[in-house]
2 protein chains.
Amino acid sequence: MARLHSFSLCPFSRRIRLALAECGHETDLVSVSPWKRDESFLILNPSGALPVLETGGLTVCGAYAITEYLEENGQTEAGEKRLMPEDPAGRAEVRRLISWFDEKFHAEVSGPLAHEKLARRELSAANGGGAPDTTVVRAAIHNIHMHMNYIGYLTERRRWLAGDQLSHADLAAAAHVSVVDYLGDVPWERHEAAKEWYARIKSRPSFRGLLKDRIAGMAPPDSYADLDF
Amino acid sequence: MARLHSFSLCPFSRRIRLALAECGHETDLVSVSPWKRDESFLILNPSGALPVLETGGLTVCGAYAITEYLEENGQTEAGEKRLMPEDPAGRAEVRRLISWFDEKFHAEVSGPLAHEKLARRELSAANGGGAPDTTVVRAAIHNIHMHMNYIGYLTERRRWLAGDQLSHADLAAAAHVSVVDYLGDVPWERHEAAKEWYARIKSRPSFRGLLKDRIAGMAPPDSYADLDF
């Protein structure tokens with residue numbers, strides 16, 4: 001069986017877990033801490049980046065390479081669950097939105113929140129460990145509104161973020177939002193349209209594994225795993 | 001003719017300029033400042049990220065989407081200049097290395113140096129403008145050695161970074177290195193193997209445009225455009 005080296009609250013790992021599940025691939029998850037040096041993992045991926053997929057003798061490193069690998073090789077036999085449209089404009093739109101969430105949302109929201117609230121609990125003081133910097137946390141929580149508005153703007157015009165079909169764009173957005181939701185920082189009450197979209201994706205079978213994730217000493221809010229949040 | 005919205009010293013813009021030139025596509029360059037809000041550009045790409053390719057009625061936003069667009073649609077008629085191998089392992093390797101340079105090298109070297117030495121000259125004091133933070137600059141210059149060693153390690157085992165053929169991986173690496181070289185911060189004397197690789201890619205016709213780039217008030221060192229550096 002294929003193996004995915006990943007971390008439960010890494011948004012890049014999460015979006016690939018969602019993609020594998022949507023494509024019907026059962027995968028063994030191998031947990032890797034993003035904050036500890038692990039020589040055996042660095043042999044697989046010298047950059048240290050998560051996730052890494054081992055499948056059929058091949059090692060595919062990083063969310064970008066895995067996304068395109070699945071697109072080129074990973075369809076179900078029925079070929080039904082395509083996560084990327086066929087036409088060039090549709091494909092460019094999916095990839096534009098993947099970049100939006102993996103780069104912009106991560107830089108402005110999910111990256112800083114995960115660093116302050118998760119990484120700094122794990123790191124030594126010499127490596128930047130300690131209590132969250134409340135200025136950074138406040139800025140990230142301020143930034144999330146623009147992104148939730150953008151999700152709402154898109155889903156009021158299209159069924160899913162990039163068009164009529166579920167795509168890697170939805171999985172990227174949902175993966176990043178789900179990490180922030182675990183931390184209790186998504187202001188759902190102010191973003192009805194985005195909430196309607198997230199409720200739809202959260203209730204898909206591919207999401208079940210993510211909703212069961214728990215990390216030691218930091219429980220999510222009750223609404224995290226509630227499909228009727 | 002296709003148009004590429006880009007900035008001369010943006011490494012992501014540079015790697016797409018190289019890819020377009022290697023594929024034989026003539027493109028009009030439209031200069032966009034990464035540091036000024038430009039409403040007409042934000043209509044093209046609401047995230048504000050560079051580069052953006054307009055071609056045949058299509059708008060393709062971001063280096064990721066453009067790379068894969070060129071791979072799927074942008075070959076020369078002769079089909080000779082492929083920048084991605086055909087086999088899944090080779091494609092995963094090219095994309096792994098693109099992530100290495102666009103994410104890791106950018107986070108550790110080219111991003112901080114460009115921010116301190118370029119962006120802070122352009123930004124207002126309220127937005128973080130000012131003199132370069134020498135601690136950040138020193139850290140980035142320290143980090144570059146590991147990356148130059150890695151380029152050397154790869155090219156002592158393969159003709160090009162990802163294998164026997166020039167690929168998007170070489171263009172990504174060369175684009176980021178070239179920005180640091182413009183700033184005069186590549187320690188070539190300590191990295192012979194990486195220098196041999198860079199001399200080869202620098203002498204390709206696709207590189208000529210990059211070597212002519214100049215930004216106001218900040219000339220590169222003489223060696224920047226010298227093929228025998």
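This passage describes how the two chains of a predicted model are arranged and which contacts are found within and between them.

Two copies of a chain are related by a rotation about an axis and a shift along it. In this model, chain A is superposed on chain B by a rotation of 180 degrees with 0.0 Å of shift along the axis, and the RMSD is 0.0 Å. That is the relation of a two-fold axis. At the interface, 25 residues of chain A are in contact with 25 residues of chain B. Of the interface residues of chain A, 100% are also interface residues in chain B, so the copies meet through the same surface. About 2,000 Å² of area is buried between chain A and chain B, and carbon and sulfur atoms give 65% of this area.

Side chains of opposite charge can pair when their charged atoms come close. R95(A) and E72(B) form a salt bridge, with an N to O distance of 2.8 Å. Both residues also belong to a network of salt bridges that links E68(A), E71(A), R82(A), E86(A), R91(A), R95(A) and E72(B).

The side chains of E39(A) and R37(A) meet at 2.8 Å, N to O. E39(A) has a relative accessibility of 48% and counts as partly exposed, whereas R37(A), with a relative accessible area of 66%, is exposed. In K104(A) and E108(A), the closest N and O atoms of the salt bridge are 3.1 Å apart. These two residues are four places apart in helix α4 (residues 88-122) of chain A, so about one helical turn separates K104(A) from E108(A). K104(A) has a relative accessible area of 19% and is buried, because the cut-off for buried is under 20%. E108(A), at 23%, is partly exposed. In chain B, the side chains of K117(B) and D185(B) form a salt bridge of 2.7 Å, N to O. K117(B) lies in helix α4 of chain B and D185(B) in the loop between α6 and α7, so the pair ties together parts that are 68 residues apart in sequence. Both K117(B) and D185(B) are buried.

In soluble globular proteins, nonpolar side chains tend to be buried together. The largest nonpolar core here has 142 residues, of which L161(A), Y198(A), L161(B) and Y198(B) touch the most other members. Beyond its neighbours within four places in sequence, L161(A) is in contact with residues including L97(A), F101(A), I151(A), L154(A) and W197(A).

Helix α1 of chain A, residues 11-22, has 12 residues and reaches 16 Å from its first C-alpha to its last, close to the 16 Å expected. Of its 12 residues, 11 are buried, so α1(A) is largely enclosed by the rest of the structure. Among the buried residues are F12(A), R14(A), I16(A), L18(A) and E22(A). Just after α1(A), G24(A) takes a positive phi of about 80 degrees.

In chain B, V179(B) lies in helix α6 (residues 168-182) and, at 1% relative accessibility, counts as buried. Not counting residues up to four places away in sequence, V179(B) touches L9(B), C10(B), P11(B) and R14(B). V179(B) and P220(B) are 41 residues apart in sequence, and their C-alpha atoms are 9.8 Å apart in space.

Conventions
Residues are numbered from 1 along each chain as its sequence is written. Chains are lettered from A and ligands numbered from 1 in the order in which they are written. This is a predicted model: local features need pLDDT of at least 70, side-chain atom pairs count only at pLDDT 80 or more; totals for chains, interfaces and linings use all residues. Side-chain values use heavy atoms; hydrogens and water are left out. Copies are superposed by least squares on the C-alpha atoms of residues with pLDDT of at least 70 in both. Contact means heavy atoms within 4.5 Å. A nonpolar core is a set of buried Ala, Val, Leu, Ile, Met, Phe, Trp, Tyr and Cys residues joined through side-chain atoms within 4.5 Å. Buried means under 20% relative accessible area, exposed over 50%, partly exposed in between (1.4 Å probe, protein chains only). The expected span of a helix is 1.5 Å times one less than its number of residues. Buried area is the accessible area (1.4 Å probe) that two parts lose on being put together, summed over both. A salt bridge is a side-chain nitrogen of Lys or Arg within 4 Å of a carboxyl oxygen of Asp or Glu.
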